[in-house]
Amino acid sequence: MSAQLALALVSTIRHDGNGGVADDLVDVAGLTAWLAEQAEPLREYAGVCPIHGDERTRLDVVAVRRAARTLFARAVRPGPPSRADSSALLPPQEAVDRLNLAAAAMPVRPVLTWPDESAPSLTWQGEAADARLALTAGLARAVVEFLAGPTRAELRACPAPRCVRYFVKDHPRQEWCKPSCGNRARVARHYQRRATAR
């Protein structure tokens, strides 16, 4: 679940369909819509999901996203980072510090559950007095867990023309974040070969 939430956060920067980059968190309405889409994973990591954000919450979430995208760019080395990140990256240690500070805003504790006739399980629960802090702490925790986990080795920046997304490579032959990016890359290569032949 951490990979899903971390990728959803960094994917709020995306190709706009017209050759540019769109930011789904550019305003409070965009944040509110994204929070509603991510309600279930946010409940797991933040324990609360504010359905309506405000400008302060938006700025905090964008700060966590910037730190996450910086560290995603570092994680995909030696490959290139997303094209959207080339000029917006933080120094890596600043990004790490920003994530750790945000994650620390919500104290967590282990909770053991052991139902009859089943194996025990461990979950982590935390509470923050402020829903905004719980939200940013949950997002930071998801990014930290993803980056510290084994799935990070499969993280890639999509190389398709105009795409700015990161994705987790699910199988050995996967090259793009989604089929439409693969189609766009093949079409671009075809036109490039034809232009070179002329």
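The model is predicted.

The protein contains seven helices and six strands. Read along the sequence, these elements follow the pattern α-β-β-α-α-α-α-β-β-α-β-β-α. The C-alpha trace spans about 70 × 45 × 30 Å along its principal axes. Of the 198 residues in the protein, 39% are buried. Contacts between residues at least 6 apart in sequence were also examined. Among these, 57% join residues at least 24 apart. The protein carries 27 positive and 21 negative charges.

Helix α4 covers residues 55–75, and helix α6 covers residues 131–148. Their axes are 9 Å apart and meet at an angle of about 5 degrees. Angles under 35 degrees count as roughly parallel, and α4 and α6 are therefore roughly parallel to each other. On the α4 side, the residues that meet α6 are Arg56, Thr57, Asp60, Val61, Val64, Ala68, Leu71, Phe72 and Ala75. On the α6 side, the partners are Arg132, Leu135, Thr136, Leu139, Ala140, Val143, Phe146 and Leu147.

Helix α4 also holds Arg65. This residue has a relative accessibility of 5%. Buried means under 20%, so Arg65 counts as buried. Neighbours within four places in sequence are left aside in what follows. Arg65 is then in contact with Leu9, Val10, Thr12, Ile13, Asp23 and Leu25.

The loop between α4 and α5 (92–103) contains Pro78. A cis peptide bond joins Arg77 and Pro78. The omega angle of this bond is about 10 degrees.

Two further loops hold residues with positive phi. Glu117 is found in the loop between β3 (108–113) and β4 (121–126). Its phi is near 65 degrees, a positive value in a residue other than glycine. The relative accessible area of Glu117 is 86%. Exposed means over 50%, so Glu117 is exposed. Arg162 is found in the loop between β5 (155–157) and β6 (166–168). Arg162 is not a glycine either, yet its phi is positive, at about 70 degrees. With a relative accessible area of 41%, Arg162 is partly exposed.

Strand β4 includes Leu122. With neighbours within four places in sequence left aside, Leu122 is in contact with Pro110 and Val111. Leu122 and Arg184 are 62 residues apart in sequence. In space, their C-alpha atoms are 44 Å apart.

Notes: Residues numbered from 1 in each chain as written. Predicted model: local features only at pLDDT ≥ 70, side-chain atom pairs only at ≥ 80, totals over all residues. Heavy atoms only, no water. Helix = DSSP H or I, 4+ residues; strand = E, 2+ residues; numbered from the N terminus. Buried < 20%, exposed > 50% of the residue type's maximum accessible area, 1.4 Å probe, protein only. Contact = heavy atoms within 4.5 Å. Lys, Arg positive; Asp, Glu negative; His and termini not counted. Charge placed at Lys NZ, Arg CZ, Asp CG, Glu CD. Axes fitted to C-alpha atoms, helices over the stretch in contact; angles between N-to-C directions. Parallel < 35°, antiparallel > 145°, perpendicular 65-115°, else oblique.
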